[in-house]
Amino acid sequence: MNLIDRYIAEVGRHLPEKNRSDIEAEIRSMVEDMLEERAVSANSADEKSIAEALEQLGDPKLLASKYAPSKRYLIGPDWFEAYIQTLQRVLYIALPVFAAVTIALRLADNPLDFASALGRAVGGAFEVGLQIFFWITIVFIFLERSDEVPYETRDSKPKAWTVTQLPKTPLKRQISIGEALTNIVMELFLFVWIVLPPMQAWLQGENDYVPFLHPNLWNLWMPIFFVLFVLTLIHELFKLKIGNWTPALTATNVILGTATIIYIVALVTTQQVINPAFVANLDSAQISQIRSIATWSTWTVGITATVFIGIILWDMVNSIRLSKRLNEPSGMVAAVKNVS
Amino acid sequence: METDELVQNMLLELRRGILSLAVLSQLSKEQYGYSLLKALTDQGLEIDQSTLYPLLRRLESQGLLQSDWRIVDEARPRRYYVISAQGKAALAKLKREWSAMTATMTQMLS
């Protein structure tokens, strides 16, 4: 490779893939023009004139950066603050709770062995921390992408701003940060609870592992669950960011809530949710007190589903109620009352 | 020293503002990058190649210029740029603004 090739390769390394080869060709052509100006052809040019020409073009990284439409981020300045805050708050809540629960459970099992309980708690907290870090990062990467404004329109005039866009009263948050964060953490725990045990069993190659949920669910119902899960998580992050039941946020809440209820009802009425093999594995003493495995499963699933649907319904109604108050002139008073 | 640096930065900003206008004004006849650079420097406007070429590309992506690779006079293929209809319209507006601006500034600075 001669100097020119090396220079162009170095520029290309820092260019967006989309038009890399075209820009590279153009740079090569302009280097050749410069050499021609010095009355040497590119093939016969001596190292010194090539070096001079390239140095006139300057640092390849700098040149490439001038071609790049804008700085690119995994999580950009718009989202970074919110990202760090969410991460901190969730970790501050989740890790101590997780560690405390682990220690309590371990000690209940074996009251004398505090050291191993502590060890287990620290190790587990580390894993949970990684999970939380991973999922929150993924969600913010999506947020960053969803927010992206195409370069061409970035410099164009924003919509004319008038004073009517000012909020009528400086609003306090209707959705407290704690509430939003708690929802997020609960969701993540639900997710971990569902995904972690089968994953661990699979990783450790346990062939005789009996999953709690019916294996058939993974074909269709679990993928739908994951989609709902991610959407809900994003929705919760917006709740955290916006803090009030704006029309858009309320509408999303109602739509997501309705979808989740439909999902739960359809799941419970058409599918066997709990793995019969799991129930069969339960302690025989426990089983004897239950009339039959089928009724036990039905009751467990039914009660859980009813509780979930109740919570979602209440949340939907509450969001609609609060969103109406948002537009009242006394919105601030109402919101403050709701917080306290 | 510090003032010098400040002045330097302000000059850079001033120059950056007028470069697009200068480039658009010189591309009623098609040019390739290096010939345009020559034309600009010959007329007294110093501009770095590393500034000019990305600028050409940006103006093209904004629809103010058109370009394609072509071989002229049996030379190597080069990318030729020429002003587009949209660019002409923009240039006419910019020219008017420029005249008004220079008139104002001349008056202010005299």
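In which helix of chain A is the place of V101(A)? The legends below, which describe a predicted model, take up this question and then turn to other close-up views.

**View 1. A nonpolar patch on the surface that includes V101(A).** V101(A) has its place in helix α5 of chain A, the helix that covers residues 77–109. Together with I93(A), V97(A) and L105(A), V101(A) forms a nonpolar patch on the surface, and the accessible area of these residues together is about 340 Å².

**View 2. The buried side of helix α4 of chain A.** Helix α4 of chain A covers residues 60–67, and its buried residues are P60(A), L63(A), A64(A) and Y67(A). These residues lie on the same side of α4(A), because the arc that they cover around the axis is only 95 degrees. As a general rule, an α-helix has 3.6 residues a turn, so residues three or four places apart point the same way. The partners against which the buried residues of α4(A) pack are α1 (3–13) and α2 (20–37) of chain A, together with α3 (49–61) of chain B.

**View 3. The opposite face and the start of α4(A).** On the face of α4(A) that is turned away from its buried side, the view shows the exposed residues K61(A) and L62(A). K61(A) also takes part in an arrangement at the start of α4(A), where its backbone nitrogen is reached to within 3.0 Å by a side-chain oxygen of D59(A).

**View 4. S50(B) and its contacts with chain A.** Is S50(B), a residue found in helix α3 of chain B, buried or exposed? S50(B) counts as buried, because its relative accessibility is 7% and the limit for buried residues is under 20%. When its neighbours within four places in sequence are left aside, S50(B) is in contact with L57(A), L63(A) and K66(A).

**View 5. Chain B as the setting of S50(B).** Chain B contains four helices and three strands, which follow one another along the sequence in the pattern α-β-α-α-β-β-α. Of the 110 residues in chain B, 35% are buried, and the chain exposes about 7200 Å², of which carbon and sulfur atoms supply 56%.

Definitions and conventions: Residues are numbered from 1 along each chain as its sequence is written. Chains are lettered from A and ligands numbered from 1 in the order in which they are written. This is a predicted model: local features need pLDDT of at least 70, side-chain atom pairs count only at pLDDT 80 or more; totals for chains, interfaces and linings use all residues. Side-chain values use heavy atoms; hydrogens and water are left out. Buried means under 20% relative accessible area, exposed over 50%, partly exposed in between (1.4 Å probe, protein chains only). Helices (H or I, at least four residues) and strands (E, at least two) are DSSP runs, numbered from the N terminus. The arc is that of the directions from the helix axis to the C-beta atoms. Contact means heavy atoms within 4.5 Å. A polar contact is a pair of N or O atoms within 3.5 Å; within protein, one must be able to donate a hydrogen and the other to accept it, and residues adjacent in sequence count only if both atoms are side-chain atoms. Patches are made of residues with over 30% relative accessible area and no salt bridge: like charges are joined within 9 Å, nonpolar side chains (Val, Leu, Ile, Met, Phe, Trp, Tyr) within 5 Å. Accessible areas come from the Shrake-Rupley method with a 1.4 Å probe; for residues, only the protein chains shown count as cover. A salt bridge is a side-chain nitrogen of Lys or Arg within 4 Å of a carboxyl oxygen of Asp or Glu.
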